[in-house]
Amino acid sequence: MLSPKASGTDTPGPLFPVGAEGRQGVLGDLGCQAPAARRGRGWDVVGGCDAAPEPQPGPLHSVSRNASLERVLPGFRIPRAHKTGTTIAGLVFRDGVILGADTRATNDSVVMDKNCEKIHFIAPKIYCCGAGVAADAEMTTRMAASNMELHSLSTGREPRVTTVTRLLRQTLFRYRGHVGASLLVGGVDFSGPQLYSVHPHGSYSRLPFTALGSGQDAALAVLEDRFQPNMTLEAAQELLVEAITAGILGDLGSGGSVDACVITGTGAKLLRTLSSPTKPTERPSQYYFAPGTTAVQSQTVKPLTLELLEETVQAMEVE
Amino acid sequence: MNARGLGSQLKDNIPVTELSASGTFEQRDLLRKGLPCMKNELLPSHPLELTEKNFQLNQDKMNFSTLRNIQGLFAPLKLQMEFKAVQQVQRLPFLPSSNFSLDILRGNDETIGFEDILNDMSQVN
């Protein structure tokens with residue numbers, strides 16, 4: 001389920017302008033280029049010769065069409081993936097890693113979702129917070145999760161946080177930053193708790209505490225001030241909630257409540273709606289209108305004469 | 001390692017489909033392709049179009065080159081030999097091959113990429 005919310009991109013234009021193909025965000029059409037080895041998965045093409053010219057790969061066809069539409073029609077602009085806000089933060093404490101995020105997804109200046117999930121599952125003890133374009137972060141992390149599962153089944157070992165980070169940054173670098181996903185990967189594996197931040201172009205850093213998204217300044221300010229190495233779980237959780245709250249209150253693009261995920265050597269616990277710094281706004285009055293509120297001026301009834309042309313009955317097999 | 005063999009297969013242009021004789025017989029898809037414009041067909045429409053087209057080839061070149069430098073000439077040679085050997089086994093002459101063994105050798109059977117989840121099966125060529 002691709003989230004139709006575009007939550008922002010750092011680059012001036014997304015890979016595939018959001019258009020008629022669907023509001024799947026930047027990644028919506030990325031995958032149709034099947035490499036040569038994948039060809040022939042179906043019976044679709046006659047002639048397995050490698051030299052046969054291929055039609056333009058699926059999603060890229062809309063790029064030139066959109067460009068020519070903009071050129072031909074004056075004043076027409078293809079809708080672009082919009083930047084929204086997020087505050088995500090993470091820190092390493094004594095027994096593991098704790099990740100936190102706000103829950104607001106915006107589209108330009110309208111809040112699209114007041115309670116969305118930004119902490120994604122990758123492996124039983126590895127979670128990932130995503131900022132940037134929502135669809136990109138979502139799809140990238142889902143694919144990373146699937147690939148990690150396959151990889152750990154193949155190796156027979158528990159997945160490592162470095163593997164996840166490498167997988168993510170290789171994917172992001174491949175698309176040269178057009179996939180606008182900034183990710184915070186945190187988890188515990190045999191070498192201990194680790195926290196990595198991965199940026200849309202493929203760079204990464206390993207840090208004891210960090211924050212990403214539009215509210216990162218506010219969150220980082222709190223974290224820089226009060227972070228200590230080897231904190232207890234309670235202290236770490238409190239600090240994280242304060243950092244995200246600072247982002248929620250200080251940044252217009254972040255809001256909602258605070259979600260957190262505590263990962264220790266024994267497992268992970270996702271704490272949804274850990275704290276709500278703001279109360280939901282109370283509607284001052286009723287907005288329900290009784291029937292008859294609006295006076296009817298005039299009424300015309302036009303019967304439509306329809307003629308039955310054809311009737312087909314298709315038996316449905318019900319087992 | 002001299003990767004000239006792979007380099008010659010790099011695609012640096014976009015084939016003009018309407019002039020090709022072996023394409024399927026279908027009308028120009030106006031909704032997807034837009035109004036006919038030679039520039040659109042000859043030039044890449046997106047900065048990543050060419051890199052994505054050549055991605056597999058470039059990856060292979062890089063990997064074989066690294067392997068050559070670390071383990072010597074025979075390592076990439078043997079792998080390429082296996083790839084070529086596995087591509088010899090096909091179905092009947094006019095049927096497309098599933099390239100199943102090639103997928104296994106490349107490790108594609110254990111990975112999921114965007115081409116698997118966002119793919120339109122009728123467009124797999």
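Select A:Thr86 to start: this residue of the predicted model is buried, with a relative accessible area of 3%. Buried stands for under 20% relative accessible area, exposed for over 50%, and partly exposed for the range in between, with a 1.4 Å probe and protein chains only. The UniProt annotation "active site", from an unreviewed entry, covers A:Thr86. UniProt positions follow the numbering used here, feature names are shortened, and annotations may be inferred rather than shown by experiment.

A:Thr86 sits in the loop between α1 (61-72) and β1 (88-92) of chain A. Helices (H or I, at least four residues) and strands (E, at least two) are DSSP runs numbered from the N terminus. Next, show the contacts of A:Thr86, a contact being heavy atoms within 4.5 Å. Leaving out residues up to four places away in sequence, A:Thr86 touches A:Asp102, A:Lys118, A:Gly130, A:Ala131, A:Gly132, A:Leu212, A:Gly213, A:Ser214, A:Gly215, A:Asp251, A:Gly253 and A:Ser254.

Two conventions apply throughout. Residues are numbered from 1 along each chain as its sequence is written, while chains are lettered from A and ligands numbered from 1 in the order in which they are written. In this predicted model, local features need pLDDT of at least 70 and side-chain atom pairs count only at pLDDT 80 or more, whereas totals for chains, interfaces and linings use all residues; side-chain values use heavy atoms, with hydrogens and water left out.

**The sheet with β1**

Select β10, β1, β2, β11 and β12 of chain A. These 5 strands form an open sheet in that order, with antiparallel pairing; two strands pair if DSSP finds at least two bridges between them. β10 (209-212) and β12 (267-275) of chain A are at the edges with a single partner strand each, so one side of each has no neighbour in the sheet. Neighbouring strands are turned by 15 degrees against each other on average, direction ignored. Axes here are lines fitted to C-alpha atoms, for helices over the stretch in contact, and angles run from 0 to 180 degrees between N-to-C directions.

Inside this sheet, pick β2 (residues 96-101) and β11 (residues 258-264) of chain A, which run antiparallel and are joined by 6 bridges. A:Leu99 has A:Cys261 in β11(A) as its bridge partner.

Which strand does β6 of chain A join through 7 bridges? The partner is β7 (residues 181-189) of chain A, antiparallel to β6 (residues 126-132). A:Cys129 stands opposite A:Leu184 in β7(A).

A:Gly156 follows α2(A) and has a positive phi near 80 degrees.

**A hairpin**

Zoom to β3 (residues 105-107) and β4 (residues 110-113) of chain A, which pair in the antiparallel sense over 3 bridges. A:Thr106 has A:Val111 as its bridge partner in β4(A). The two strands form a hairpin with 2 residues between them, and A:Asp108 in the turn has a positive phi of about 65 degrees.

**The end of chain A**

Select residues 277-313 of chain A, where UniProt (unreviewed entry) places the feature "domain: Proteasome beta subunit C-terminal". This stretch is 0% helix and 0% strand, with its end C-alpha atoms 59 Å apart.

**Both chains**

Zoom out to chain A: 5 helices and 12 strands, with 48% of its 319 residues buried. Finish on chain B, which has 8 helices and 0 strands. Of its 125 residues, 26% count as buried.
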